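Please look over the structure below before reading on.

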Amino acid sequence: MPAVLTVDPRSGVPIYLQIIEQIKRSVALGVLQPGEQLPTVKQLAIDLTVNPNTVARAYRELEREHVIETSPGRGSFVRANGVAEAPKVAAEIGGDALDVALRETKSVGLERHEVRELFELALQRWYGAELSE
């Protein structure tokens, strides 16, 4: 698996969710290709220094979401339709990032109109001055 996964136990995000997000991102970006084998639960647990149950939980969730498939005795592989759904996965990752940002803006007391203004400025900064409605 060419993708390098990392976890931050102090981030406040459960480790299994960090693993899920990183694998989904790797699939969405094409770093992980259809049919590509993921590390075994044991190997990824060793690499990340986490409990194997944490990795197993992430893999089960990825399998439930049809991103990967697991074959007993063979391992876990990226599903072809997991890659076909890359735009959906990319939108989900983007939505999750926006949720985090909005949670932060709300926690510091910004009002909706202030957040909207900040968002418009960020859109202009990242996507250029021309905004389409």
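What follows is a short report on helices, their packing and selected residues.

## The model

This is a predicted model. The values below were computed from its atoms.

## Helix 1

Helix 1 covers residues 15–28, which makes 14 residues. From first C-alpha to last it reaches 20 Å. That is close to the 20 Å expected at 1.5 Å a residue. After the helix comes glycine 30, with a positive phi near 80°.

Which residues of helix 1 are buried? They are Tyr16, Gln18, Ile19, Ile20, Gln22, Ile23, Lys24, Ser26 and Val27.

An α-helix has 3.6 residues a turn, so residues three or four places apart point the same way. Keep that in mind for the contact lists below.

## Helix 1 against helix 3

Two packed helices are described by the angle between their axes and the distance between the axes. Helix 3 spans residues 52–64. It packs against helix 1 at an angle of about 45°. The two axes are 8 Å apart. Angles under 35 degrees would count as roughly parallel, and those from 65 to 115 as roughly perpendicular. Helix 1 and helix 3 are therefore oblique to each other. Their crossing is right-handed.

Which residues of helix 1 and helix 3 meet? Helix 1 brings Ile15, Tyr16, Ile19, Ile20, Ile23 and Lys24. Helix 3 brings Thr54, Val55, Arg57, Ala58, Tyr59, Glu61 and Leu62. By class, this contact has 9 nonpolar, 1 polar and 3 charged residues.

## Helix 2 against helix 3

Helix 2 covers residues 41–48. Helix 2 and helix 3 pack at an angle of about 120°. Their axes are 8 Å apart. Angles from 65 to 115 degrees count as roughly perpendicular, and those over 145 as roughly antiparallel. Helix 2 and helix 3 are therefore oblique to each other. The crossing of this pair is right-handed.

From helix 2, the contact takes in Val41, Leu44 and Ala45. They meet Pro52, Val55, Ala56 and Tyr59 of helix 3. These residues divide into 7 nonpolar, no polar and no charged.

Lysine 24 sits in helix 1. Is lysine 24 buried or exposed? Its relative accessible area is 5%, so lysine 24 is buried; the cut-off is under 20%. Leave aside neighbours within four places in sequence, and lysine 24 is in contact with Leu62, Glu65, Val67, Val89, Glu92 and Ile93.

Beyond its neighbours within four places in sequence, glutamine 22 is in contact with Val4, Leu5 and Thr6.

Threonine 49 has a phi near 55°, a positive value in a residue other than glycine. Where is threonine 49 found? It lies in the loop between helix 2 and helix 3. With 71% relative accessibility, threonine 49 counts as exposed.

Histidine 66 is another residue other than glycine with a positive phi, here near 65°. Histidine 66 belongs to the loop between helix 3 and strand 1, which covers 68–71. At 40% relative accessibility, histidine 66 counts as partly exposed.

Helix 6 covers residues 112–127, 16 residues in all. At 1.5 Å a residue it should span 22 Å. Its end C-alpha atoms are 22 Å apart, which agrees. Glycine 128 follows helix 6, and its phi is positive, near 100°.

Arginine 116 is in helix 6. It is partly exposed, with a relative accessible area of 48%. Arginine 116 and leucine 102 are 14 residues apart along the chain. Their C-alpha atoms are separated by 10 Å.

## Aspartate 8

Aspartate 8 lies in the segment before helix 1. At 31% relative accessibility, aspartate 8 counts as partly exposed. Threonine 70 is 62 residues from aspartate 8 along the chain. The C-alpha atoms of the two are separated by 26 Å.

Key. Residues are numbered from 1 along each chain as its sequence is written. This is a predicted model: local features need pLDDT of at least 70, side-chain atom pairs count only at pLDDT 80 or more; totals for chains, interfaces and linings use all residues. Side-chain values use heavy atoms; hydrogens and water are left out. Helices (H or I, at least four residues) and strands (E, at least two) are DSSP runs, numbered from the N terminus. The expected span of a helix is 1.5 Å times one less than its number of residues. Buried means under 20% relative accessible area, exposed over 50%, partly exposed in between (1.4 Å probe, protein chains only). Axes are lines fitted to C-alpha atoms, for helices over the stretch in contact, and angles run from 0 to 180 degrees between N-to-C directions. A crossing is left-handed if the near helix is turned anticlockwise from the far one by less than a right angle, and right-handed if clockwise. Contact means heavy atoms within 4.5 Å. Ala, Val, Leu, Ile, Met, Phe, Trp, Tyr, Cys and Pro count as nonpolar, Asp, Glu, Lys and Arg as charged, and the others, Gly among them, as polar.
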